[in-house]
Amino acid sequence: MTASRRTVGQSLLGVLMLALVWWFAHNVHAGLSRQGITLGFGFLRQPANFDIGETSGLRFTPEDTVSRAIAVGLLNTARVALVGSLLALALGFIVGTLRLVDNTLLSGLMRWGVELMRNTPLLLLLFLLIAILHAMPPPTHAVELLPGVFLSDRGLALPFPDRPRLAGFNFVGGTTLSPEFAALVGALVLHHGAHISEVVRGAILAVSRGQRDAALALGMSRWQVSRLVVIPQALRAMVPLLATNCVSLIKNSSLAVAIGFPDVVSVLNTTANQTGHGVETMVIMLAVYLVLSLGVASMLNVYNAHILRRGA
Amino acid sequence: MRATRRIALLAAIGATLGACAGDDAPSAGQGTRVEGGTLGAIRARGQVMCGITQGAGFATPDDSGHWRGFDVDFCRALAVALFDDPSKIRFVPYTQQQRFSGLQSGEVDLLANGTSITSSRALLRNFHFGPVYLYDGQGFLVHRSSRVKGASALDGATVCVQQGTTTELNLSDFARRNSLSLKPVVIEDLRGAVSALASGRCDAITQDGAGLATTRTMLRDPENYVILPDRISKEPIAPVVRFGDDQWLEIVNWVFRAPVAAEELGIDSRNVQSYTTSADPSIRRFLGAEQGVTDGFGLDPRWTARVVARIGNYGEIYERNLGAKTPLKFERGMNRLWTQGGLMYSPPFR
């Protein structure tokens, strides 16, 4: 009886929601057609006609389609997100544990660093890093850090597959890590690494003192106490928060447009301007970030479920 | 029993939604009406709304917050023509990306912000363009020490581009046409692009010629930068209005032409008073002394004289904002009158 009443209620709510969505969609459509804007994704198959400075190894020319341009942007975003997340997690773990060591100078230093990063705007940090990287010497006076590795205001030129050499304005050959990529990853890692270190520190402190004392009393070494007693319990508390941090790192990577890294937002902005399909590109942008964020969140949720099971 | 009730409810909701759809259907035809309400709306609110894009020489607020510049002067001409008062106007600053949605949504009556006429904007995006008030083309600004003399010598160069304009498209077209390899660094904010040029991250910055002149004033050492002579695109700059209001389009057309016509007739803001008694029939017609020439759509027949007196003729507007005595020092070139080897030409007022 109550079950079927609940079904009625649920389906009513469902229908109401659908009606609301339909009403919004209808209004948008009517409003847009009044302004002479037609919706459609046909433009994705048109040639892009613009070039992209960095392609993450994907081949791209202006003759390629808009969808391929978006794919290049997506790959750039994914590259920043992946490298950024891994480095931020590593930095967060190191700093978070270092803040708990019995060395006042070290933990104090870490504390200042973390507070500085956590309490300043990410965009400011990004501008600072890009300004520092732009102040590197020009390619003609590039610093050769290692044989074949050149640092200049055009980025870091690495000697694979072949040795980079100076030709005209810039280095040709080799692989170049652009200053924009480095600044973006650097800013994201510093900012989110600081946040993650607080999560790590909090989770470790949350493991009760008695657990540690008991383990020490059993004759375990400090390393064994950490590895076998403290960290497994701390992980259970920190994984959901780490997921949140990784998701916000991905979303913050869209600040790339401010310094000129061609991420998916940058490419979609150009597409919208070139083709006039602002609404559709906005929808694609939403979908991209939704999929990326939900994907990362669900991956870490699976991992969380796994450690919870193991812990039980 | 319960099932039938649910079906009835669904049917009722469906019917309501169907009715909503029916109500809205006729409104789709509104965009195609011949006489639009823009002029009526302007008169009702007592001011023109003009969309601009901030930039030295084109639209910048002065020390007292008063907007000044080339684009601003042309918009003020509209306020003078309609209200005989250059202050009956509000300027709405847009970025290159916001501008079109601002016009489409009705927030402004026109854009005078350096938008170039293109077929896709007119045919696919339903914008109408007024007369070209600045002929421009995309070029490059480079540091003097690069010793580059022409755009064809830029092979391998890194080029900074501001996002949200046709500039990216023109740059890649130019590179393909001339088999040059140019690496774009696309930055959202112009200041970001300029500081990337200043720091040496980019070998060149590409923009419309007038934009380059503006950009050069933003650099710490403008004298060390040169605008290359090449123009890699055509950028006819014109005011933009919404589709579907022919009356407003014509008002914009003739108000933007009036300063050009005045210069052709030799009339400027200082001598316009002495011309009001002129015997020359074409001058008499232009200044509104004859009926049926300048007095359509409820405009005061003397609006042309007022525009010239308060805003000036084309040459005055150009020299005041962009000319040799300004920091921009932007060569008038194609924007000279047709009688002096340029492209500026006004259809006759008669």
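1. Contact between the chains. In this predicted model, 42 residues of chain B and 39 residues of chain A form the contact. On the chain B side, at least two residues each come from helix H1 (2-24), helix H4 (99-104), helix H6 (167-177), strand E10 (183-187) and helix H7 (190-199). H1(B) gives the largest share, seven residues.

2. Composition of that side. The chain B residues that touch chain A comprise 14 nonpolar, 16 polar and twelve charged.

3. Eight residues of domain 2 of chain B are in contact with 16 residues of domain 1 of chain B. The domain 1 side of this contact in chain B has seven nonpolar residues, eight polar residues and one charged residue.

4. Overall form of chain A. Chain A contains ten helices and six strands. Its C-alpha trace spans about 80 × 75 × 35 Å along the principal axes. The radius of gyration of chain A is 25 Å, whereas a compact globule of 312 residues would have one near 20 Å.

5. Burial and contacts in chain A. Of the 312 residues in chain A, 35% are buried. Among contacts in chain A with a separation of 6 or more, 60% join residues 24 or more positions apart.

Terms used
Residues numbered from 1 in each chain as written. Chains lettered and ligands numbered in written order. Predicted model: local features only at pLDDT ≥ 70, side-chain atom pairs only at ≥ 80, totals over all residues. Contact = placed C-beta atoms within 7 Å. Nonpolar A, V, L, I, M, F, W, Y, C, P; charged D, E, K, R; others polar. Helix = DSSP H or I, 4+ residues; strand = E, 2+ residues; numbered from the N terminus. Rg over C-alpha atoms; globule rule 2.2 N^0.38 Å. Buried ≥ 20, exposed ≤ 12 C-beta atoms within 10 Å, placed from the backbone.
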